[in-house]
Each structure stands twice: as structure tokens, then as C-alpha cells.
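Colleague: Could you walk me through this one slowly? I am new to reading folds and would like to ask as we go.

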Amino acid sequence: MGNPLEITLGNLHLDNIFILASGILGTSPSLLARVANNGFGAVVTKSFTRKKRLGYRTPILIATKCGFINAVGLENLGADVIDEFVSEYKQKTRIPIIISIAESSLEDFVYIAKKANDAGADGIELNLSCPHAKKRGIEIGKDPKLVSKIIKRVRKNIDIPLIAKLGLCDNLLKVAKTAEESGADCLTLINTIRAMKIDVWTTRPILSNKFGGLSGPAIHPIAVRCVYEVYEKVSIPIIGCGGVESWEDVIEFLLAGASAIQIGSALVRGLEIINEIKRGIIAYLKRKGFSSVRELIGLAHKRN
Ligand SMILES: Cc1cc2nc3c(=O)[nH]c(=O)nc-3n(C[C@H](O)[C@H](O)[C@H](O)COP(=O)(O)O)c2cc1C
């Protein structure tokens with residue numbers, strides 16, 4: 001029997017469908033490799049910008065009853081460390097590494113993408129969906145014209161798989177179709193959703209940036225809906241992301257049309273969760289008589 005959890009996304013072959021989401025434990029190559037070796041099919045780094053960024057002042061993360069709200073401010077070491085980052089990572093593991101990019105100008109997206117390509121990264125994920133970064137993320141990702149320009153130019157300059165990470169916005173379906181037509185090999189859906197929390201005692205917003213991105217269980221049904229709707233519009237593979245905590249959440253994403261899954265916030269419960277989820281999926285496949293997760297992709301769309 002073949003490997004029931006393996007998947008190929010365009011040209012990217014993964015031993016299993018689980019990908020570490022960007023910004024979660026992805027800041028140093030050694031930590032990232034350790035996480036990768038704990039059962040992931042691939043990992044995505046924290047989003048890189050061209051220049052080093054210190055991020056926002058604390059508080060940058062707050063727990064709510066249904067997930068986390070974060071506004072880290074894209075803290076990262078800057079694109080010039082990518083070469084060293086990838087090579088250090090690759091000395092420790094053979095699990096594919098995807099470099100995430102969050103920039104504001106076309107030139108800077110291309111600059112970082114080329115660096116990642118030349119460094120030997122296995123893929124690039126364009127963060128077109130951060131909900132709280134000025135002139136970046138969703139501010140770009142909700143505009144089909146900008147999305148098209150960036151993806152076309154980046155595509156021309158790299159030969160590794162290109163993933164567009166999109167987020168919740170009114171014209172998500174149009175943007176997703178545009179991303180496909182412009183040359184994206186794959187889509188990640190979705191990023192965090194703009195949110196806030198106010199301290200009732202100080203009577204002020206808690207995060208230093210006021211607004212942040214909500215992740216965790218609250219966003220899972222929204223992400224499933226996005227995957228389901230986008231699946232009907234595009235032919236490229238979709239990576240489901242948002243609120244996965246259990247094997248049932250994963251199966252739901254697959255049935256909606258996802259071919260792989262990113263996991264972020266749930267890792268606060270420890271890295272062992274990934275193997276727990278895998279065991280649940282294997283048991284489900286057996287019970288339902290499926291031989292691979294690939295048979296589940298988009299099944300919720302089929303008419304009886
Ligand atoms: C602390 C934190 C930092 C994040 N940083 C990034 C980032 O740099 N780039 C990005 O594309 N997404 C970032 N994300 C979003 C995650 O990659 C993911 O899309 C989101 O958390 C939803 O998945 P989850 O519910 O499994 O956490 C971050 C999320 C958190 C909680």
C-alpha cells in the first residue's frame with residue numbers, strides 16, 4: 001500500500017499533507033528544522049521583508065476565548081539572511097522549506113523571491129493577506145490588478161513553485177482566479193482575520209497596534225467556506241489554513257477542496273498534535289474505505 005498522506009502540489013512533492021504555517025516557530029533555521037522533523041510535509045518561514053524589521057512593541061499577542069489575536073508587525077531578519085537561513089536549515093533536514101514574503105513594492109517582492117530561488121528554497125509563498133500591516137498583505141491582496149502584477153513578475157524570475165496566500169476579502173473569488181491566471185501554482189487560504197480586543201479595566205485596546213489578526217478555531221468555518229468556494233473557480237491546488245486543531249478539521253478542509261493543510265495556532269498545545277491528527281486521519285480512511293487523502297479532495301462538491 002502506498003503512502004496515504006502524500007501529496008504533490010504542482011511540482012512540489014510532500015511526504016504528507018501537513019505544512020507549518022508562516023510565522024509559527026519559523027524564525028530560526030534550527031527551530032524550523034526541528035519542527036519539520038517532527039512530522040511535517042513542509043514548513044513555511046516567517047514572512048521576510050527586504051530590510052530587517054523589529055516589529056511592533058508589546059503586547060503583540062493576546063488569547064481570546066476562540067483563538068489568538070496577533071500583531072507582531074512582521075518582525076524578521078531581512079532578506080539578506082535567506083541564503084544562510086536555507087543552507088543552515090538544509091543541513092538539518094530534507095523536509096521542503098517555503099520562503100514567505102510580505103512586501104509592499106513589486107521590486108522588493110521580486111528581489112526576495114530571487115534570493116529564495118537562488119538559495120535553494122523549495123517554494124515561495126507570497127503573503128498577500130496579512131490583515132494588519134500597512135501597504136502590505138490584504139491591502140495588496142484584495143486588489144486583483146496588484147495581485148496580477150506581482151505574481152506575473154515573481155513568476156518570471158523564479159523556477160520554484162509559487163504559492164499565493166490569500167485572505168478574507170469581498171472579492172476573494174476574483175483575486176483567486178486572477179492569481180491562478182497570473183501564474184500561481186497553488187493558493188493558501190486563508191490568513192488571520194482582522195480583529196481586536198479591548199481591556200475593560202484600562203478601557204483601551206490591548207494590542208499596541210490596536211488591530212491584529214485572529215487565528216485559531218474561530219476562523220476555521222470561514223476558511224472552510226473560502227476553500228469550498230474558491231475550489232469551484234480554480235484548477236490549481238489549494239492549501240487550507242485556519243483553525244485546524246483535530247483530524248476532523250483536516251478532513252473537512254480536504255472535503256471542501258484543499259489538497260494540503262497548514263497548521264499554526266494549534267501548535268501551542270505541543271508538536272505532538274501533528275502525530276495525533278495523523279493517527280485520526282489514518283483511522284478515518286480505514287473506517288471509510290479510502291486508501292489515500294487524495295480521494296477526499298473536493299468530495300463535498302460531488303452530487304450523489
Ligand atoms: C503569531 C503569529 C504570527 C504570524 N505571522 C505570519 C506571517 O509572518 N506571515 C503569514 O503569512 N502569516 C502569518 N501568520 C498567520 C498564520 O500563518 C496562519 O495563516 C493563521 O494563524 C491561521 O492559521 P491557524 O488558525 O492554524 O493559526 C501568523 C500567525 C500568528 C498566530
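This is a predicted model: local features need pLDDT of at least 70, side-chain atom pairs count only at pLDDT 80 or more; totals for chains, interfaces and linings use all residues.

Colleague: Okay, which strands close into a barrel, and in what order?

Modeller: Eight strands close into a barrel, and their order is β3-β4-β7-β8-β9-β10-β15-β16, with parallel pairing. From one strand to the next, the twist averages 25°.

Colleague: Let's take a piece of that. How many bridges are there between β4 and β7?

Modeller: Strand β4, which covers residues 42–44, pairs with strand β7, residues 97–101, in the parallel sense over two bridges. Within this pairing, V43 stands opposite I97 in β7.

Colleague: And how many bridges pair β7 with β8?

Modeller: There are four bridges between β7 and β8, again in the parallel sense, and I101 stands opposite L126 in β8. To get from β7 to β8 the chain passes through helix α3, residues 106–119, and this β-α-β crossover is right-handed.

Colleague: Is β8 itself buried or exposed?

Modeller: Five of the five residues of β8, which spans residues 123–127, are buried, so the strand is largely enclosed by the rest of the structure.

Colleague: Which residues point which way from it?

Modeller: G123, E125 and N127 point one way from β8, while I124 and L126 point the other way, and all of them are buried. For that word, the cut-off is under 20% relative accessible area.

Colleague: What does β8 pair with on the β9 side, and which residue stands opposite I124?

Modeller: β8 pairs with strand β9, residues 162–166, in the parallel sense over four bridges, and the residue opposite I124 is L162 in β9.

Colleague: Which residues sit on each face of β15, and are they buried or exposed?

Modeller: Both faces of β15, residues 238–241, are covered, with I238 and G240 on one side and I239 and C241 on the other, and all four are buried. Between β15 and β16 comes helix α8, residues 247–256, and the three elements make a right-handed β-α-β unit.

Colleague: Change of topic: which strands form the open sheet?

Modeller: Four strands form an open sheet in the order β5-β6-β14-β11, and their pairing is antiparallel. β5 (61–64) and β11 (193–195) stand at the edges with a single partner strand each, so one side of each is left without a neighbour in the sheet. The twist in this sheet averages 35° from one strand to the next.

Colleague: How many bridges join β5 to β6?

Modeller: Four bridges join β5 to strand β6, residues 67–70, and the two run antiparallel, with I69 in β6 as the bridge partner of I62.

Colleague: Last topic, the surface. Which residues form a nonpolar patch there?

Modeller: M196, I198 and F211 form one, and together they have about 250 Å² of accessible area.

Colleague: Where is F211, and why is it called partly exposed?

Modeller: F211 lies in the loop between β13 (204–205) and β14 (212–215). F211 counts as partly exposed because its relative accessible area is 31%, and that label applies between the cut-offs of 20% and 50%.

Note on methods:
Residues are numbered from 1 along each chain as its sequence is written. Side-chain values use heavy atoms; hydrogens and water are left out. Buried means under 20% relative accessible area, exposed over 50%, partly exposed in between (1.4 Å probe, protein chains only). A crossover is right-handed if, with the strands pointing away from the viewer, the path from the first strand over the helix to the second runs clockwise. Patches are made of residues with over 30% relative accessible area and no salt bridge: like charges are joined within 9 Å, nonpolar side chains (Val, Leu, Ile, Met, Phe, Trp, Tyr) within 5 Å. Accessible areas come from the Shrake-Rupley method with a 1.4 Å probe; for residues, only the protein chains shown count as cover. A salt bridge is a side-chain nitrogen of Lys or Arg within 4 Å of a carboxyl oxygen of Asp or Glu. Two strands pair if DSSP finds at least two bridges between them. Axes are lines fitted to C-alpha atoms, for helices over the stretch in contact, and angles run from 0 to 180 degrees between N-to-C directions.
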